[in-house]
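Please open the model in your viewer and follow the stops below in order.

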Amino acid sequence: MEPRAAQLRKREGLRGEQNPFPREEVSSGSAESPGNTEVPRSPDLVQWTRHMEAVKTQLLAQAQGQLLELLDRAIWEAMQSHPPPGGPPPSTPPDSLSKTWKPSLGKWKVFINRKSLLDELMEVQHFRTIYHMFIAGLCVFIISTLTIDFIDEGRLMLEFDLLIFSFGQLPLALVTWVPMFLSTLLAPYQALRLWARPRASAAWMLGVGLGCALLAAHTAVLGLLPLHVAVEYQLPPASRCILVFEQVRLLMKSYSFLRESVTGTLCATGGECIRAPSFFSYLYFLFCPTLIYRETYPRTPNVRWNYVAKNFAQALGCVLYACFILGRLCVPVFANMSQEPFSTRALMLSIMHATLPGIFLLLLIFFAFLHCWLNAFAEMLRFGDRMFYRDWWNSTSFSNYYRTWNVVVHDWLYSYVYQDGMWLLGGRARGAAMLSVFLVSAMVHEYIFCFVLGFLYPVMLILFFVIGGLLNFMMHDRHTGPVWNVLMWTLLFLGQGIQVSLYCQEWYARQHCPLPQTTFWSLVTPQSWSCHS
């Protein structure tokens, strides 16, 4: 028999023959030892590693939060299925679900601490350089335009007439906002307090009636007051924009607060004492950048005021640049278009001409509002969840684009239109629930355009509901690859060109061909079809 040592040596030799990647033996004292080796790492690699570590932490926190909520809901359902002996089944969810439970099918919104996607991308030097290149391109565009004006006119044409006109009567719009906000601050919260009484109380029915009356008055104030001020005082577009955005935002926040809080209130029975949400949590919710109410949100430890100032400055720069684009690329083209005979050729040329300023305006609105404005308020309020949008620019389908473009509004539509629609339909007819989401969103978008411009021209309704709805079902998530992303961007360019062209034509047609008398049909009939002054 072979000695034990010889057998071990033979086995090691066989392993060495079978292993195509033999391990290198390095002495412990060598400078090439793994314990002493320092691999050089570039700054970009270090930043990318930190970014991936942060993403890993966020994913783990989100998974933990969703798991806890699922366990809470499972416990609640088990308590309903097996009531305690000698007593009625529980009628309200546990405390952890009392503010978020709703009879819907699907996922719940979970808030965690996370940065906005652009802020994460800006930590990488390559993305910062692309951002700087974009700013440099905009600066060159402005400089070239001013240079041409100086050569042709002999002076710099720094005109702010469009900006001054758009924000005219701004103090009146801000004064109108005050009763709108006070109505939202007091009416829904007081209505909930009136409802949060034991049903055994004789005053419960009176409280329910008073609460409903408060909500009706609140809806009337938000619905009629801004509309009356805008029409009566002929507010310009930007001032109207402030009022209509606040009107829609406050209505959506009011509904979310009542929708999330009233469930536990109405499910209570007997003489049970019900605790209404704190007033401070509701006040915080009215200002924080989300439309989904929770009594608490993840918070950041401090406020970076330089970050707040930077975002407000960027938002102001986007507004100025949007006015510059409209004044230089849209006004000269569409101001006198109604004076020429209508032709298909002129319409197609105007749409093609409007694609570039249209996509510029889309990007500026996205960056100014969804990134700068919301991040500035989130930082001032130490609001932790900054996922106001996702990587919509990488979308290969319009269904993904609609989900990722504006996460704040999408969460509201998904929670209160889609999920509630699915619940009402018993979990069936998913297509009908999706169609209801498109209809509600399209009608609100068209209402905003009608309020801001002062006339009804259902371009957005047709593009969003009809064409957008068809593209949502045709270009679905199973389509991947760069070709579909190029197609999505191409259709986005054309859609923006159609909107800018048709709305600008209608605006100037109503300026050149004023209505002899204001009637309902004159407001809803496009003037650009017949105005050729």
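Over the ring of which residue does the charged end of lysine 253 sit? Select phenylalanine 285: the charged end of lysine 253 lies over this ring, 4.2 Å from its centre, where sitting over a ring requires NZ of Lys or CZ of Arg within 6 Å of the ring centre and within 35 degrees of the ring normal. Arginine 304 places its charged end over the ring of tyrosine 307, 4.3 Å from the centre.

This is a predicted model, in which local features need pLDDT of at least 70 and side-chain atom pairs count only at pLDDT 80 or more, while totals for chains, interfaces and linings use all residues. Residues are numbered from 1 along each chain as its sequence is written, and side-chain values use heavy atoms, with hydrogens and water left out.

Select phenylalanine 366 and tyrosine 389, whose ring centres are 4.9 Å apart with planes at 80°, so the pair is edge-to-face. Both phenylalanine 366 and tyrosine 389 are buried (under 20% relative accessible area, with exposed over 50% and partly exposed in between, using a 1.4 Å probe and protein chains only).

Now select tryptophan 392 and tryptophan 489, a tilted pair because the planes stand at 40°, with ring centres 5.6 Å apart. Tryptophan 392 and tryptophan 489 are both buried. Finally, display the aromatic cluster that includes Phe366, Tyr389, Trp392 and Trp489, with Phe438 and Phe464 also among its members.

Note on methods
Rings of Phe, Tyr and Trp (its six-membered ring) pair if their centres lie within 6.5 Å; planes under 30 degrees apart count as stacked, over 60 as edge-to-face and the rest as tilted.
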